[in-house]
Amino acid sequence: MRALVKNEAAPGLSLLDVPDPEVGINDVLIRVLKTGICGTDVHIHRWDAWAQATIPVPLVVGHEFVGEVVAVGENVNDFRPGELVSGEGHVVCGRCRNCMAGRRHLCANTSGVGVNRPGAFAEYISLPMTNVWHQRADVDLEVAAIFDPLGNAVHTALAHKTLGEDVLITGAGPIGLMATAVVRHAGARHIVVSDPNAFRLDLARTMGATVAVDPTATDLAAVAEDLGMDEGFDVGLEMSGNPAALRGMLGNMAHGGRIALLGIPSEEIAIDWNQVVFNMLTLKGIYGREMYETWYMMSVMLQSGLDVTPVLTHRFHYTEHEAAFDAAGGDRAAKVLLDWS
Ligand code: NAD
Ligand code: ZN
């Protein structure tokens, strides 16, 4: 099969012929239809310090996809050829305390699709049946391809109650943008989105932000005052990994405010812990998606009117992968799709 491979310990990806994946007795073989490029894939493409320390070479990369079941292992009863599916990108161990208690998203021994094990930027992918999600028949195929990052957005956005609340979202990357649509759908009052990128701020307005601002030019406290918010933000979703963004959030929360942190900082961040203590803030780290409550919520919110399609800014055939990665790494894109059909 054709696949995008990190074939040597250097920048770039190679489009190669590689052997079809093996299908174990508990596995589902899926023909990939569409994939999304994640920030993680851009890191792997660039071969930055994180990628050098993490990615085995050679490796088929990619983890955001939708596809069609073509074959199943002999233990698999719930999936049949022809069904439309996506895959959860974290393969859990099944044996640790959290896995055994049904809290699989808290597994301490996850293996990442396209990071630690072969990925989805290929004509076929084989996954354990426990990692395969049936898509609803009415799902938009392009949105189905990005259930993995949509799941990050949904997991973070639903970590705290947002009905009627004033929400601050720092970072309008694909995930912050989708979280904006989710908290709008979930009934938030004011949604303020901050990002220095003007192209993404425009998208944030389309996705339902009340106000979208460049935090290097506009003071968040002034925005809150303009909106008539007396006490600060009730809920904060940190989706940039940027130190200034986190500090700005901590300084603008209401007493008792609740923060969910998804953004991955590239270095340690010092914060004023007095703000956490005296304002009695709750900080919750978010990794991945809940298996499979987040997946259920994604499917049913899409059926009840959630629209994340504005986040889809670019589409390429997989043979145009270089142009696709250029777009994904640039500052005038959100989610970039690759077509494998
Ligand atoms: P992204 O890099 O596309 O978006 C981050 C955005 O933050 C960018 O638009 C950038 O301009 C903006 N930003 C930079 N400085 C800022 C500041 N001071 N204030 C506000 N915004 C600022 O990333 P993404 O794909 O949307 O992912 C969001 C974050 O979540 C990233 O840090 C990513 O690594 C992380 N992530 C975490 C998980 C998880 O499971 N925890 C999963 C996927 C991604
Ligand atoms: Zn486990």
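Biologist: Which residue forms a salt bridge with Glu 83?
Modeller: Glu 83 pairs with Arg 80, with the closest N and O atoms 3.9 Å apart, where a salt bridge means a side-chain nitrogen of Lys or Arg within 4 Å of a carboxyl oxygen of Asp or Glu. This is a predicted model, in which local features need pLDDT of at least 70 and side-chain atom pairs count only at pLDDT 80 or more, while totals for chains, interfaces and linings use all residues. Residues are numbered from 1 along each chain as its sequence is written, chains are lettered from A and ligands numbered from 1 in the order in which they are written, and side-chain values use heavy atoms, with hydrogens and water left out.

Biologist: OK, and how many salt bridges are there by that rule?
Modeller: The count comes to 12 salt bridges. Among them, Lys 161 meets Glu 165 at 3.3 Å, N to O, and Glu 88, Asp 148 and Arg 289 are linked in a network.

Biologist: What about Arg 315, which residue does that one pair with?
Modeller: Arg 315 forms a salt bridge with Glu 142, the closest N and O atoms being 2.8 Å apart. That pair links distant parts of the chain, since Arg 315 is in strand 17 and Glu 142 is in helix 4 (residues 141-144), 173 residues apart. Helices (H or I, at least four residues) and strands (E, at least two) are DSSP runs numbered from the N terminus.

Biologist: Is Glu 142 buried or exposed?
Modeller: Glu 142 is buried, because its relative accessible area is 17%, and buried means under 20%, exposed over 50% and partly exposed in between (1.4 Å probe, protein chains only).

Biologist: Switching to helix 7, what caps its N-terminal end?
Modeller: Asn 197 does, with a side-chain oxygen 2.9 Å from the backbone nitrogen of Phe 199. Its side chain also reaches the backbone nitrogen of Arg 200 at 3.0 Å, and a polar atom of that side chain lies 2.9 Å from the backbone oxygen of Asp 331. A polar contact here is a pair of N or O atoms within 3.5 Å; within protein, one must be able to donate a hydrogen and the other to accept it, and residues adjacent in sequence count only if both atoms are side-chain atoms.

Biologist: And which residues of helix 7 are buried?
Modeller: Arg 200, Leu 201, Leu 203 and Ala 204 are buried.
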